[in-house]
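Here's a quick walk through a few local features of one model. Have the coordinates open as you read.

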Amino acid sequence: MKRILYYDCFAGISGDMNLGAMVDLGVDAAYLEKELGKLNIEGFHLLVEPDMRKGISGTRVTVVVEHPENEKHRHLSHIRELISKSTLSETVKRKSMDIFMQIARAEAKVHNISMEQVHFHEVGALDSIADIVGAAICHEYLQVDEIHSTPVQLGGGMVKCAHGLMPVPAPATAEIVAAIPVRTGLVNYEATTPTGAAILAATVDRFSEKLEFTMGRTAYGIGQRDGEIPNVLRVYLAESQTEQVPDVREEEAVMLECNLDDMIPERYSHVMDLLFAAGAADVFLTPLVMKKSRPGHMLSVLCSQDTAGNMKEILFRETSSIGLREHVLKKSMLRREMVVVHTPYGEVEVKRSYWNGRVVNEKPEYEQCRRLALEHGVTIEAVSKEVIKNL
């Protein structure tokens, strides 16, 4: 018998909606606030109250920042120190940092800086810290075996960020949900925030619309906005008697292929870079012997159905191909997570892959090992060995 927390994100998810849903599901609000007090930071408290959206009643949780003008802007190192020095459980500490790392990686990529340079002008605020650490506290309180979710509604239109008006999904959110099934356009506002997306990306074991369990308690977290649809996050606390494999996620994908024998080889790298930048999951070349015994290559692009059109445009524009093959296939992907390892040379992220609940692969990020090796005048192998030793 498995105890499952199931997120139904038909109207999106934010940090405060998640807290509301967790309290409505049975997490004791006083316990949540007491555990958040272990962060040893002052200046905020939780406002927990019943509320309703379009006839659906639930719980609304607001993190009230008492002196907004005194808010500090924090970097990743400040967040890490704040959490590590707290008296929270190790499980809550680890899950909280996993969620923060989702946002840090996204912001670093969007702004082309290192994660340590990311300025947490938004998620470093007290309300977002409470949302993220609070999510980890609630998950531990519920003692679930697995967390599942539907595809996530992102919304549409524009959103106001620290850098100005941005299209929905905001750039950081788009990076965070890159490997998550999503929907868009149900509403003309930001339905899923970076914090909400990061909570799902870091904690959900399986994304599926199939309800393969016995529904137990249902709860609703009420959002701050009131629009045409019920702005609520619905969650279920369920049980499953069927043995599932939560560490494998399946989704449909598209494989585009073309054969090339009349293209300058040095251009392959340029085309591959363009395809990856446009969102391709994988791009690779296979040597071929073509008609009249001419050597050539098959260029293969694995992508989502949503991005297939952009990939075709790049292939027709940037290669000598005048025709493509297209296959719809199913991808099976192991669950993975990123952990940060401290070494004498610096911090390195390690990608862990899981199968049947066990770690089957741990791989240090190559570019980070390469950078540290160049900085310290050692081999990449030396850096990698230190990473593995400190796992």
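## Ground rules

This is a predicted model, so local features need pLDDT of at least 70 and side-chain atom pairs pLDDT 80 or more, while totals for chains, interfaces and linings use all residues. Residues are numbered from 1 along each chain as its sequence is written, and side-chain values use heavy atoms, leaving out hydrogens and water.

Helices (H or I, at least four residues) and strands (E, at least two) are DSSP runs, numbered from the N terminus.

## The sheet

Six strands form an open sheet, paired antiparallel in the order β15-β16-β14-β17-β18-β19. The edges belong to β15 and β19 (358–364), each with a single partner strand, so one side of each has no neighbour in the sheet. Pairing takes at least two DSSP bridges between two strands; β14 and β16 are joined by seven. Glu257, for one, has Ser300 in β16 as its bridge partner.

## Helix α8

Tyr268, Val271, Met272 and Leu275 of α8 (residues 268–277) are buried (under 20% relative accessible area with a 1.4 Å probe, protein chains only; exposed is over 50%, partly exposed in between). The exposed Asp273 and Ala277 sit on the face turned away from the buried side.

That buried set packs against β14 (248–260), β15 (282–289), β16 (295–303) and α9 (308–318), with contact meaning heavy atoms within 4.5 Å. After α8 comes Gly279, with a positive phi near 110 degrees.

## Glu349

Glu349 lies in β18 (residues 346–355) and is buried, at 4% relative accessible area.
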